Amino acid sequence: MREYPKGRQNTPFFANRFIRLTAKVCVAQEIGQTAALLLVYVVQTEDSCYYRKPVRFWNEQLMSLLGLRSPKQLAAARDAAVNAGWLHYQRSGNRSIGEYWVVWPDEFADLPDTQLGEQQRIWGDNHSAYGMNSGMNSGTNSGLNAERIGDDLRKEKGHESGKPSIPIPVPIQNTPAFLAEVCIPDGIDKQKAIELLTTWYRHHETSKRPMLPNDPRLETIARDMRREGLSTIEARMSYAINRGKYSLLQLPEERASGNVSRRATENPEWLDVLRVCRQYPSNGSGDMEERRTRLPRDCYKAALRVGITRIANASEYDAKSLALQWQNNLQRIREGLDNE
């Protein structure tokens, strides 16, 4: 397993510079649009973690982000980026989470970080030597403009290069070493989050499968804190610890409400809608006719209210909430409350 590049956080605007580089060299033409978008997601996630460690994604997460429908599509895009030398990908085993970081190719190490557009050189093979000249600015900006030039040229003009896009955070007090590399998302009480994660880590010391320092499971819980709230995660932890369990169990009241969602996702009519929308997802006349033919009129109308594209591209997680939306729309249609 390779180590994450050191010192990347000392380069101002690294993520922005990297994205500008991929545009200048027309990387999407070389590796494809999906692979190029993958690079953007990876480098921006590195930025959000302050370039302290590799960023981690499960395949399902990236498939949802990139709008892909099969693991083969993700593997093809990832392999294209890796083989072209723009991305590093590794994982410790078949069931381990993937680790990613972008790679700045050596051949472009000295390429200046100047502005895009306005008579700037495009380095791809399938373009003319110069980019398109904006009609609004044509002939008016022949000199250097401090607001539109790269950081190196700004320094030459006597301007500060500015702070990094996301500055290095103030360290959280009393952070134990086994949580030093766990990214705590913004928008929550980070000190409280550290206390809860510490409690959960200590609880696992008595289990058959104790957590390792900076265990990916801790980062997953940290993300859940942002999505579901600190109070919910704290209640689940207390519920599990009091019962000697080592997984975050849903509270009884949560399981009761979850039964409603489960019934919606197991509805045979919804499963037909999901299957047909995934089989015929486009807005072309052929797919539209297939959907109308294969689905009952009220089921199809409810699907239109939710959105055919949303249903077709939904991950298993997103499909649960879409099933509830679809069922509510169907009920209103059948009761004559929503027939406009």
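## Helix packing and aromatic pairs

Of the protein's 340 residues, 37% count as buried, meaning under 20% relative accessible area, with exposed over 50% and partly exposed in between (1.4 Å probe, protein chains only). This is a predicted model, so local features need pLDDT of at least 70 and side-chain atom pairs count only at pLDDT 80 or more, while totals for chains, interfaces and linings use all residues. Residues are numbered from 1 along each chain as its sequence is written, and side-chain values use heavy atoms, leaving out hydrogens and water.

What's in the fold? The protein has 15 helices and three strands; these are DSSP runs numbered from the N terminus, with helices being H or I of at least four residues and strands E of at least two. Take the contacts (heavy atoms within 4.5 Å) between residues at least 6 apart in sequence: 61% of them join residues at least 24 apart.

Now for a helix pair. Helix α3 (residues 33–48) packs against helix α5 (residues 71–83) at about 75 degrees, and their axes are 8 Å apart. That makes α3 roughly perpendicular to α5, a label for angles of 65 to 115 degrees (under 35 is roughly parallel, over 145 roughly antiparallel, the rest oblique). On the α3 side, Thr34, Ala35, Leu38 and Leu39 meet Ala77, Arg78, Ala80 and Ala81 of α5. Sorted by type, the residues of this contact are six nonpolar, one polar and one charged.

On to the rings. The whole structure holds 11 aromatic pairs, where rings of Phe, Tyr and Trp (its six-membered ring) pair if their centres lie within 6.5 Å; planes under 30 degrees apart are stacked, over 60 edge-to-face and the rest tilted.

Phe18 sits in helix α1 (residues 14–24) and Trp104 in the loop between β3 (98–102) and α6 (151–156), so their pair ties together parts 86 residues apart in sequence. Phe18 is buried at 1% relative accessibility, whereas Trp104 is partly exposed at 25%. Both also belong to one aromatic cluster, along with Phe14, Tyr51, Trp86 and Phe108.

The tyrosine pair links strands: Tyr89 is in β2 (residues 87–90) and Tyr100 in β3, so it ties together parts 11 residues apart in sequence. Tyr89 is partly exposed, with a relative accessible area of 24%, while Tyr100 is buried at 0%.

Methods:
Axes fitted to C-alpha atoms, helices over the stretch in contact; angles between N-to-C directions. Nonpolar A, V, L, I, M, F, W, Y, C, P; charged D, E, K, R; others polar.
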